[in-house]
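Hello,

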Amino acid sequence: MRRWVVTPAVMFLGLFPAGCGTSSVGAPGPVDNTGQVCSDFRLVFGRYSDGESPERLAYVQAVEADYKGNGEPGAAGAAKVAYFRAWARDLRPVAGRASSPELKTALNRAADVLDGAADGRALTAAELNNTWQPLLDTCPESSPDASRTR
């Protein structure tokens, strides 16, 4: 009888590998998702740099109206804030998904620069180049996972 009691117990324990629930030394690291993150970045970049985001279109229309002399007071400034805030808002989740620390840092820096622009911070051409160029170099349009932005 003892034999039958032990055998099911041994079989039951045999179903669970040793160390179940603990991390193993040879566990794989995080998967590199740079291709997907770059594709997402390119989509957001295209939508806000020369695409059809509602905030971008509203900003362009408000600036054009100001230029023509028929803009509402403060409309262009408000549209500018909304535009840069929306761009930063859409970029931050992309940064949060990046497995590469360098890419994550570059994306967060870009979102910070956009928030600064929304707050009225003037940016030099060098600052803009130093913000976007590393991302554009890391995520070229010709990369395998890059989506067309235009």
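Let me begin with a term: a disulfide is a pair of cysteine sulfur atoms within 2.5 Å. Searching the whole structure turns up 1 disulfide, which joins Cys38 to Cys139 with an S to S distance of 2.0 Å. The link of Cys38 and Cys139 is left-handed, with -60° about the S-S bond. Cys38 sits in helix 2 and Cys139 in the segment after helix 6, so this pair links distant parts of the chain, 101 residues apart. (Helices are DSSP runs of H or I with at least four residues, numbered from the N terminus.) Both Cys38 and Cys139 are buried, where buried means under 20% relative accessible area, exposed means over 50%, and partly exposed is in between, using a 1.4 Å probe and protein chains only.

Before going further, a word on where this comes from. This is a predicted model, in which local features need pLDDT of at least 70 and side-chain atom pairs count only at pLDDT 80 or more, while totals for chains, interfaces and linings use all residues. Residues are numbered from 1 along each chain as its sequence is written, and side-chain values use heavy atoms, with hydrogens and water left out.

How confident is the predictor?

pLDDT is the predictor's confidence in each residue, on a scale from 0 to 100. The chain has a mean pLDDT of 80, and 74% of its residues reach 70 or more. Confidence is highest in helix 4, at 96, and lowest in helix 1 (residues 2-14), where the mean is 44. Over residues 4-24 pLDDT stays under 50, and the model has 0 contacts beyond four places in sequence for them; a contact means heavy atoms within 4.5 Å. Residues 142-150 also stay under 50 in pLDDT, but for these the model has 16 contacts beyond four places in sequence.

Aromatic side chains

Rings of Phe, Tyr and Trp (its six-membered ring) pair if their centres lie within 6.5 Å; planes under 30 degrees apart count as stacked, over 60 as edge-to-face and the rest as tilted. By this rule there are 11 aromatic pairs. One of them is Phe41 with Trp132, which is stacked because the ring centres are 6.2 Å apart and the planes lie at 20°. Phe41 belongs to helix 2 (residues 34-49) and Trp132 to helix 6 (residues 125-138), so this pair ties together parts that are 91 residues apart in sequence. Phe41 and Trp132 are both buried.

Another pair, Tyr83 and Phe84, is tilted, at 4.8 Å centre to centre and 55° between the planes. Tyr83 counts as buried because its relative accessibility is 8%, and Phe84 is buried at 15%. Phe41, Phe45, Tyr48, Tyr59, Tyr83, Phe84, Trp87 and Trp132 together form one aromatic cluster.

Salt bridges

Side chains of opposite charge can pair when their charged atoms come close. A salt bridge here is a side-chain nitrogen of Lys or Arg within 4 Å of a carboxyl oxygen of Asp or Glu, and the count comes to 9. Asp40 forms one with Arg97, with the closest N and O atoms 3.0 Å apart. Since Asp40 lies in helix 2 and Arg97 in helix 4 (residues 75-97), the pair ties together parts that are 57 residues apart in sequence. Asp40 counts as buried, at 17% relative accessibility, whereas Arg97 is partly exposed at 42%.

Which side chains does Arg85 meet in salt bridges? One is Asp115, at 3.1 Å from N to O. Arg85 lies in helix 4 and Asp115 in helix 5 (residues 101-118), so that pair ties together parts 30 residues apart in sequence. The other is Asp119, at 2.2 Å from N to O. Asp119 is in the loop between helix 5 and helix 6, 34 residues from Arg85. Arg85 is partly exposed, with a relative accessible area of 33%, while Asp119 counts as exposed at 57%. Arg85, Arg92, Asp112, Asp115 and Asp119 are linked in a network of salt bridges.

Best wishes

Notes: Helices (H or I, at least four residues) and strands (E, at least two) are DSSP runs, numbered from the N terminus.
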